[in-house]
Amino acid sequence: MKIITGSTSKLIGEDLSKSLNFQKVNTKIKRFPDGEIYIRILDNIKNEDILYIQNTWPDLNIIELLLMQDSINLAGANRIITIIPYYGYARQDKLFEKGEVISAKSLAKLISINTDVVITIDPHKNHILDFFSIPSYSISAIEDLSNFFKNKNLDLILAPDKGAVDNVKKAAKIINCDFDYMEKTRIDGYRIQIKPKNLDVKNKNIAIIDDIISTGGTMAVSINELKKQEAKKIYVSCIHGLFIGHAVKKLKLAKCDEIISTDTIISNFSKVKISNTITKFLKSKNFLIR
Ligand code: R5P
């Protein structure tokens, strides 16, 4: 088996090729002046099994993924396993209003054309796996994120809304502390409200865990609420750190103590590596044996 890393996922690709002892396939990826992408596979991959890693965010990377999958196929690979550490568009996972499209489904249809298997990390909702027409799996990075907090002396883990409570429940069990959730209402893409709720946070060390930090709105409002209720230390963390626009500035202004994310998307806050979890998963499913 050989590895092809897309431009969003070079570090995970590097880590996986070392831990699995797989050779990396040389590729050439460049952009034309008009922004269109050029892709070429430089090595012979005929009859090889290929592990291909690439995010579907931001949009430009979707085209890279689709073209690379097609190139791998055209080059005569035997089997393609596509790993999508961050599956962008997963939040449009159902019809919210008449006339919309289920973007997560449209994308899944296209991705399924040129792959045998898809694996993604903590998709926003697990039912998006059903949108693929080939076998598809999700891996959870919650254990990796929780391990980061083991020596931080946490008293409580919080979910910013009820929907994220399963993750904090798992984390609290690993860290051996309490968990709770806040009550969030989203007004629009940028504005969030957290309903005042009495949480037992006074003088406590808290970690908030969410699947995604995008504009940072959810976390900033959550930090403000916790500060009002006199929490001691506040860590904000997520699996997928998008940190759009002024997200980091917002979080720093709200005065959290630390920002933590996994490396599904590379940023200054990618402090938690997920390659070991991917390796374990691939081995457990016997994907690496032909
Ligand atoms: C929403 O359902 C997600 O779980 C996150 O809470 C959300 O994407 C965070 O977005 P933002 O950082 O823009 O508030």
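Select Gly216 and the ligand: a backbone N or O atom of Gly216 lies 2.9 Å from an oxygen atom of the ligand. This is a polar contact, that is, a pair of N or O atoms within 3.5 Å. The model is predicted, so local features need pLDDT of at least 70 and side-chain atom pairs count only at pLDDT 80 or more, whereas totals for chains, interfaces and linings use all residues. Residues are numbered from 1 along each chain as its sequence is written, and side-chain values use heavy atoms, with hydrogens and water left out.

An N or O atom in the side chain of Asp210 is 2.5 Å from an oxygen atom of the ligand. For Arg91, a polar side-chain atom lies 2.8 Å from an oxygen atom of the ligand. The ligand taken alone exposes 380 Å², of which the protein buries 90% (accessible areas by the Shrake-Rupley method with a 1.4 Å probe).

Now display the shell around the ligand. It holds 13 residues, and the closest are Asp210, Asp211, Ser214, Thr215 and Thr218 (a residue is near if one of its heavy atoms lies within 4 Å). By class, the shell has 2 nonpolar, 6 polar and 5 charged residues; Asp, Glu, Lys and Arg count as charged, and Gly is among the polar ones. Strand S11 (183–186), strand S13 (206–213) and helix H6 (217–228) each supply at least two shell residues, with the largest share, 4 residues, coming from S13. Helices (at least four residues) and strands (at least two) are DSSP runs.

Widen the view to the largest pocket, which is the space taken by the ligand. A pocket is an open set of points on a 1 Å grid where a 1.4 Å probe fits, with protein on both sides within 12 Å along at least five of seven lines; lining residues have an atom within 4 Å of a point. About 1,100 Å³ of space lies in this pocket. Of its 35 lining residues, Arg91, His124, Lys125, Asp161 and Asp211 are the closest to the centre. Strand S8 (136–139), helix H5 (165–175), S11, S13 and H6 each give two or more residues to the lining, and S13 gives the largest share, 5 residues.

Finally, visit two backbone features. Select Trp57 and Pro58: the peptide bond between them is cis, with omega near -15°. Pro58 lies in the loop between strand S5 (49–53) and helix H2 (60–74). Then select Glu230, in the loop between H6 and strand S14 (234–241), where phi is near 65°, a positive value in a residue other than glycine.

Methods:
A polar contact is a pair of N or O atoms within 3.5 Å; within protein, one must be able to donate a hydrogen and the other to accept it, and residues adjacent in sequence count only if both atoms are side-chain atoms. A molecule sits in a cavity or pocket if more than half of its atoms lie within 2 Å of its grid points. Grid points are joined across faces, edges and corners, and a volume is the space filled by probe spheres set on the points.
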